[in-house]
Amino acid sequence: MEARLPRGLADRDAAELAATAKMLDVIRSVFELYGFEALETPAIEYTDALGKFLPDQDRPNEGVFSFQDEDEQWLSLRYDLTAPLARFVAQNFDRLPKPYRSYRCGHVYRNEKAGPGRFRQFMQFDADTVGSASPAADAEICMMAADALERLGIQRGDYVIKINSRKLLDGVMKAIGLDGDDNAGRRLTVLRAIDKMDRLGPEGVKLLLGPGRKDESGDFTKGAELEADAIATIMSFSLGGQYTGGEPRFGLFDLLGRSNVGAEGAEELLEIEDLVRFCGYGADRIRIDPSVVRGLEYYTGPVFEADLAFATRDEKGNPVRFGSVGGGGRYDGLIGRFRAENTPATGFSIGVSRLYAALKLVGSPIVEAGGRTGPVVVLALDRDHIADYQRLAAALRAAGIPSELYLGASGMKAQMKYADRRNSPVVVIQGSNERAKGEVQIKDLIEGARASAAIATNEEWKALRPAQFAVPEGELAEKVQELLSRHASGAGAERSGA
RNA sequence: GCCGCCAUAGCUCAGUUGGUUAGAGCACCAGAUUGUGGAUCUGGGGGUCCCCCGUUCGAGCCGGGGUGGCGGUACCA
């Protein structure tokens, strides 16, 4: 049988786990700084709680991983952290403080085609305010998202939080006569087309709004078949609406009419913008972008999207499109599905896995391994004295130094290579000579590697035994500790100097 | 799902008009060295040439079908 992994899934090694843990710590600290508290919900929910049944069928949507319980009820792996939160809030409504501010982190699952930066299991870090309809809640969420990205080491200008409003989009649909139930299908097509502005550009979007578009492989996508002036209206809205602070606000009110739901959405957006500007967040960080659409189902008002502005390339130098590294919005109807009374809510999720992949690809220091060290390795030279070696390792551990006895069956050279590969800072050597004298050899692998640069021949290398010294057995832990702290402060000095 | 490209060692790839025992670099293992990482040198292990069927005296190479991978597109709630 071949050992293999389904597409869109990945194993994570020590370096990646360490880098991810660092990212999570940063995000958590920012979210807590804004007064959000931790909550965990399970990875599995009833499918109906996620709202993911196929229309007019009693089977779950194909995009979600689903299976049936013993009682034949459908269960699904969560596909985001928002729907489970809504379930939790509805279930515990009476005992939660309102507004309820919480954050959660975990893997979510989507049964979709995988690609670079697109996984079938990935991690999200999510924060939500439940029970506030105020645009202040939305503004705060956006500022927090910007703070989190910057604290992760993404330079200002290298990311942007784009905001738009579902109400605004609805208003535009109405303005071009696409309101009403009859036009639901075409509205969807139009919104999806607008959403592709980033990827396909204005020309591609125009084709999708009109006759349709043929892609690079020759495949044809049917368009919305709108009239030319309707297309022009949408395009001027989606493109012309992008502006930076201080410019005249887009002439939407004329288009929408004051009483339109679209005008209401615009008012809310502008209020959010005023709030973030007042707090010192400029258009380089948070800006209105009417081409943002995002999820089509549960968002009811403002929607947010975090995009990286820098270009990324894969190992072969091909440009890679990562899409958004976070997103969110207001979902005022989601909790009401479980309760008689409706509850407004807004939130934002950081796509940790995708962000990690993007940062890794551009070699960002946040996710580089940098200075990761393995355990001290006690070499096992003499098979009859394993207990002695085990005791040496135990002495090191007692002093709080991560240590291990080499447990393989190979010779000394292989053991040295093993230590090298484990990133060990130090190996401990005790052969019969040392044991007779009650000593151990401490070999400093970091200093040794440095010294090896100047050594040309193996004879010289072996004869010199660089960075190696003998100490009495009783002083082992103490001397190793000294050596480790010397390296730690050295590395620290290098870092602060750089 | 639809469209396109691709499939030879762990990885990256050569492989002549269809011809005998399928190669290289890197990686891995060992030796040179009774007990010392790196570099160098020498040697070694490792292949269902993705699978099946067909054409042929003969297929890694040609044809058909399948599977898998990559990319585009759709979907992404």
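Guide: Start at Gln 121 in β6, which is the bridge partner of Tyr 109. What you see is a predicted model, where local features need pLDDT of at least 70 and side-chain atom pairs count only at pLDDT 80 or more, while totals for chains, interfaces and linings use all residues. Residues are numbered from 1 along each chain as its sequence is written, chains are lettered from A and ligands numbered from 1 in the order written, and side-chain values use heavy atoms, leaving out hydrogens and water.

Strand β5 (residues 100-109) and β6 pair in the antiparallel sense over 10 bridges; two strands pair if DSSP finds at least two bridges between them. (Strands are DSSP runs of E, at least two residues, and helices are runs of H or I, at least four, numbered from the N terminus.) β6 also pairs with strand β15 (residues 345-351), again antiparallel, over 7 bridges, and there Ala 127 stands opposite Phe 348 of β15. Of the 10 residues of β6 (residues 121-130), 9 are buried, so the strand is largely enclosed by the rest of the structure. Buried means under 20% relative accessible area, with over 50% being exposed and partly exposed in between (1.4 Å probe, protein chains only).

Now for an open sheet: its 5 strands run in the order β17-β16-β18-β19-β20, with mixed pairing. β17 (403-405) and β20 (468-472) are its edge strands, each pairing on one side only. From one strand to the next, the twist averages 25 degrees; angles run from 0 to 180 degrees between N-to-C directions, with axes fitted to C-alpha atoms, for helices over the stretch in contact. Inside this sheet, β16 (residues 376-378) and β18 (residues 426-429) pair in the parallel sense over 2 bridges, and Val 377 has Val 427 in β18 as its bridge partner.

Two helices pack on that sheet. Helix α12 (residues 386-398) touches β16, β17, β18 and β19 (439-444), and its direction makes about 175 degrees with that of β17. Helix α13 (residues 412-421) touches β16, β17, β18 and β19 too, its direction making about 155 degrees with that of β18. Contact here means heavy atoms within 4.5 Å.

One last stop is a helix pair: α1 (residues 14-33) and α4 (residues 135-151) pack at about 145 degrees, their axes 9 Å apart. In α1, Val 26, Ser 29, Val 30 and Phe 31 meet Met 144, Asp 147, Ala 148 and Arg 151 of α4.
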